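Work through the exercises below with the model open beside you. Try each task before you read its solution.

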Amino acid sequence: MKAISILKEIILFVILVLLQVLLFNRIAVFGLAVPILYIYFLIKLPYGRNRFYVIISGFLLGLVIDIFLNTPGMNAAATTIVATLRTIILNLFYPKNEYEELVPNIHVSTSAFIKYTITMVLLHQTLLFFIEAFTLFNITSTLIRISSSLLLTIILILALDSLSIRKKKVSG
Amino acid sequence: MRNLLTFIIRNSSWLVAIILIVISFYLVFSYNSYQRSVYLTSANNVTGWLYETSNKVTNFIHLRKNNKFLLERNAQLEAELFALKNYLSDRQIDTLRTNAFLSDSIPVSQFSFIPAEVTNVSFSGPNNYITVNKGSEHGVRPDMGVVSQNGVVGVVLTVSPKFSVIIPIINPKFRLSGKLKNSSNTGSISWDGKNLNIAQIGELPKHEVFQPGDTVMTSFSRIFPRNIVIGYVIEQIPSKDDNFNTLNLRIATDFYSVRDILVIDDKFYDEQNQLENSIP
């Protein structure tokens with residue numbers, strides 16, 4: 001059971017990295033909004049997953065993205081911090097002591113999932129913005145860029161999640 | 001001691017997190033020395049291969065457009081060749097005089113060009129880079145200039161055996177000296193991070209006369225030959241310093257569609273470098 005879910009997570013990891021690097025990073029809606037979708041991996045980890053596993057996989061995810069995008073450390077730092085705080089954020093919105101393999105999804109307790117997603121994405125993008133701002137300039141345009149990307153990312157994640165659930169229901 | 005141990009064990013996940021975060025920030029802040037290393041950039045073999053494969057597909061889609069562009073360019077060159085031939089045959093009447101001035105040794109040309117294909121362009125944020133499919137195996141070295149058919153693209157930053165990463169004009173870290181076509185005063189080209197088609201030229205003297213549409217070219221530079229087109233003046237914008245003008249210019253290279261580029265190999269670069277460094 002657990003081996004299968006870990007395999008699934010590895011596949012999700014690879015697919016999200018490919019999507020981010022080959023597709024989403026080349027999309028810039030109105031030249032502003034860039035969907036940063038790879039954080040979906042952290043959102044979809046099972047509820048009771050080992051903390052080490054979450055933190056290290058988050059770091060690796062960020063690092064791989066960094067290597068592709070030539071932004072050493074930025075995505076890795078932001079993603080590691082989000083991975084560290086994930087348990088706390090989960091406990092904010094989900095009741096404790098449910099069974100451990102629960103994967104947060106939009107079908108079960110929709111409002112909790114939406115709040116959880118928004119918090120994770122908001123945290124991640126704000127961190128990315130502040131880490132970039134160390135080396136950056138031009139606050140207003142960056143703020144517009146961040147907020148529009150935020151909106152686009154959240155919409156895409158919610159859409160993606162409702163799609164994947166429907167597939168599962170059909171296949172049983 | 002035991003208390004310390006239990007503390008460490010109880011909070012070990014936080015410790016791991018802190019260590020990893022420190023590593024990431026180390027990477028962020030040691031960026032300058034770091035960017036020269038090939039392994040963690042898109043010039044390494046795995047990422048380069050992936051980008052190249054995806055690029056083959058997009059290249060196929062762009063074939064028709066590029067073909068048309070090449071035909072147009074070809075026609076233009078034919079016309080130029082024809083004009084030159086005419087000119088030459090006119091001059092042959094004066095053969096005697098012209099020959100008198102020709103030197104008898106074959107002149108060594110200072111610049112040669114390495115053609116390369118773009119495999120990846122990132123322009124989603126302010127930190128833009130271009131990856132191309134030629135590397136140190138083909139003679140590309142860091143600090144070489146890069147041009148497209150239309151004008152200046154950027155400067156080579158890192159190379160691996162088969163790929164190299166270029167820092168384009170549209171990166172805030174890029175600097176280049178440039179001048180207006182009909183003058184000799186130089187200014188500094190930079191990019192403010194707002195629009196991918198518009199760069200700025202600053203530090204131009206106040207008395208400089210310009211018209212919208214004027215050509216901006218490279219002036220003396222360690223990297224580019226003189227008089228390569230950078231862009232065209234659009235308008236004057238307020239500058240930080242009252243003594244100088246700042247102008248917006250439309251970049252000649254279209255970064256959305258750039259596919260084929262030329263890396264400039266300056267044969268005398270090392271010699272000049274050595275000479276300049278020999279001054280104590």
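## Exercise 1: Two helices side by side

Helix 1 of chain A and helix 3 of chain A are roughly parallel to each other. Roughly parallel is the term for angles under 35 degrees, with over 145 roughly antiparallel, 65 to 115 roughly perpendicular and the rest oblique. This is a predicted model, in which local features need pLDDT of at least 70, side-chain atom pairs count only at pLDDT 80 or more, and totals for chains, interfaces and linings use all residues. Residues are numbered from 1 along each chain as its sequence is written, while chains are lettered from A and ligands numbered from 1 in the order in which they are written.

**Task.** Describe how helix 1 of chain A meets helix 3 of chain A.

**Solution.** 
- Step 1: find the elements. Helices (H or I, at least four residues) and strands (E, at least two) are DSSP runs, numbered from the N terminus. Helix 1 of chain A covers residues 2–23.
- Step 2: take the geometry. The axes of helix 1 and helix 3 of chain A come within 10 Å and cross at roughly 30°. Axes are lines fitted to C-alpha atoms, for helices over the stretch in contact, and angles run from 0 to 180 degrees between N-to-C directions.
- Step 3: take the hand. A crossing is right-handed if the near helix is turned clockwise from the far one by less than a right angle, and left-handed if anticlockwise.
- Step 4: list the residues. Helix 1 of chain A brings Phe13(A), Val17(A), Gln20(A) and Val21(A). They meet Leu61(A), Val64(A), Ile65(A) and Phe68(A) of helix 3 of chain A. Contact is counted where C-beta atoms, placed from the backbone, lie within 7 Å.
- Step 5: sort them. This contact has seven nonpolar, one polar and no charged residues. Ala, Val, Leu, Ile, Met, Phe, Trp, Tyr, Cys and Pro count as nonpolar, Asp, Glu, Lys and Arg as charged, and the others, Gly among them, as polar.

## Exercise 2: The next partner

**Task.** At what angle do helix 3 and helix 4 of chain A pack, and which residues make the contact?

**Solution.** 
- Step 1: helix 3 (residues 51–69) and helix 4 (residues 74–93) of chain A pack at about 160°, with axes 7 Å apart.
- Step 2: that angle makes helix 3 of chain A roughly antiparallel to helix 4 of chain A.
- Step 3: the crossing of helix 3 and helix 4 of chain A is right-handed.
- Step 4: helix 3 of chain A contributes residues including Val54(A), Ile55(A), Gly58(A) and Gly62(A). Helix 4 of chain A contributes, among others, Ala76(A), Thr79(A), Ala83(A) and Arg86(A).
- Step 5: the contact residues divide into eleven nonpolar, seven polar and three charged.

## Exercise 3: Barrels in chain B

**Task.** Trace the closed barrels of chain B.

**Solution.** 
- Step 1: a closed barrel of six strands runs 1-2-5-4-3-12, with antiparallel pairing. Strands pair if DSSP finds at least two bridges between them.
- Step 2: check a joint. Seven bridges join strand 1 (residues 111–122) to strand 12 (residues 260–266) of chain B. Phe111(B) has Asp266(B) as its bridge partner in strand 12 of chain B.
- Step 3: Helix 4 of chain B lies across strand 1 and strand 2 of chain B, at about 85° to strand 1.
- Step 4: another closed barrel of six strands runs 6-7-8-11-10-9 in chain B, again with antiparallel pairing. Its neighbouring strands are turned by 45° against each other on average, direction ignored.
- Step 5: check its joints. Strands 7 and 8 of chain B pair over three bridges, with Ile189(B) opposite Ile201(B). Six bridges join strand 10 to strand 11 of chain B, where Tyr232(B) partners Arg250(B).

## Exercise 4: Interface and confidence

**Task.** How many residues does each chain give to the contact?

**Solution.** 
- Step 1: chain B gives 27 residues and chain A gives 26.
- Step 2: helix 2 of chain B gives the most to the chain B side, with nine residues.
- Step 3: that side has 14 nonpolar, eleven polar and two charged residues.
- Step 4: The predictor gives the complex an ipTM of 0.74 and a pTM of 0.63. Chain B averages a pLDDT of 80, and chain A averages 82. pLDDT is the predictor's confidence in each residue, from 0 to 100.
- Step 5: Helix 3 of chain B has the lowest mean pLDDT among the elements of chain B, at 51. Where pLDDT is low, the predicted coordinates should not be read in detail.

Conventions. Two residues are in contact if their C-beta atoms, placed from the backbone, lie within 7 Å.
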